[in-house]
Amino acid sequence: MGDLQGQIEELWERRAEPATPDSRELVMSVIARLDRGELRVAEVVDDAVVVHEWVKKAILLLFSQSAMQTTELGPFEYADKIPLKRDYAGHGVRVVPGASARYGSFLEPGVILMPSYVNIGARVGANTMVDTWATVGSCAQIGANVHLSGGVGIGGVLEPPQAAPVIIGDDCVIGSRSMIVEGARVGDGAFVGAGVILASSIPVIDAETGEELSRGVVPPWCVAIQASRPRSFPGGEFGLACVLVIKRLEPGQRHDKGKLNDVLREHGVTA
């Protein structure tokens, strides 16, 4: 694998040169490994995000080397450089009509795709549901046993290669219409309420203490909701977005939707 990385790094330095059959084969060998789950763009090691930049460079090289192709399916026509994934049944993945995933993304067994979209470089863990009109952006890393509710937007990132993607831990619920972008992270077991906007610059605040816990990172095993905090400007006082942690959960505690709904109702919000 180290030799493969070295070859991609060398090819990246010569990316302005025209592609050759050998360079295309090299890049496709990396994308095929991504598609099979043998490689990943990023992972969490000792609570730090490690980005495998050379894998992202291979994806970028794929775009520059690939030509547009037209695909027809009944009355529908598509024009793109990257093909779609195939053989879902063989991989134990359920895909409802209207859903699609690009080649070079990886879906573990038990994944369910409602009409939704998963981009290249993304990884979706076992038994995770990507619900209706949810999108998983390029290189995003979604854990196992996660529910991305309807309309959730998980941001993608390809450039610059060193930029960290969005990472959602295992056993999370991301509420409807939430947007998790700019390399933000959600820890294992977190329940994120509907309509939460989480980016790398958004403060995450503990409701009990008022302490700012992080920027762009929801801690594991908690309930987090959208909120705002007042800030004074020359033109007046305005509410700036933040994410509020309103409850801590026991590690490993299963999400009891009834109890969580009660917690959210106490604070005037919905799941």
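Biologist: Where is the place of Asp 35?
Modeller: Asp 35 sits in helix H2, residues 21–36. Helices (H or I, at least four residues) and strands (E, at least two) are DSSP runs, numbered from the N terminus. This is a predicted model, where local features need pLDDT of at least 70 and side-chain atom pairs count only at pLDDT 80 or more, while totals for chains, interfaces and linings use all residues. Residues are numbered from 1 along each chain as its sequence is written, and side-chain values use heavy atoms, with hydrogens and water left out.

Biologist: Is Asp 35 buried or exposed?
Modeller: Asp 35 counts as buried, because its relative accessibility is 15%. Buried means under 20% relative accessible area, exposed over 50%, and partly exposed in between (1.4 Å probe, protein chains only).

Biologist: And which residues is Asp 35 in contact with?
Modeller: Leaving aside neighbours within four places in sequence, Asp 35 is in contact with Lys 85, Arg 102, Tyr 103, Gly 104, Ser 105 and Phe 106. Contact here means heavy atoms within 4.5 Å.

Biologist: What about Gln 7, which helix is that in?
Modeller: Gln 7 belongs to helix H1, residues 2–13. Gln 7 counts as partly exposed because its relative accessibility is 32%.

Biologist: How far apart are Gln 7 and Ser 23 in space?
Modeller: They're 9.3 Å apart, C-alpha to C-alpha, and 16 residues apart in sequence.

Biologist: How do E3 and E4 run?
Modeller: They run antiparallel, joined by five bridges. Two strands pair if DSSP finds at least two bridges between them. Glu 72 stands opposite Glu 77 in E4. The two strands form a hairpin with two residues between them, and Gly 74 in the turn has a positive phi of about 60 degrees.

Biologist: OK, now the inside. How many residues does the largest nonpolar core have?
Modeller: That core has 38 residues, and Ile 168 and Val 186 have the most contacts inside it. Strands E25 (222–233) and E26 (236–248) each supply at least two residues of this core. A nonpolar core is a set of buried Ala, Val, Leu, Ile, Met, Phe, Trp, Tyr and Cys residues joined through side-chain atoms within 4.5 Å.

Biologist: What lies apart from it?
Modeller: Another core, of 24 residues, including Trp 12 and Trp 54.
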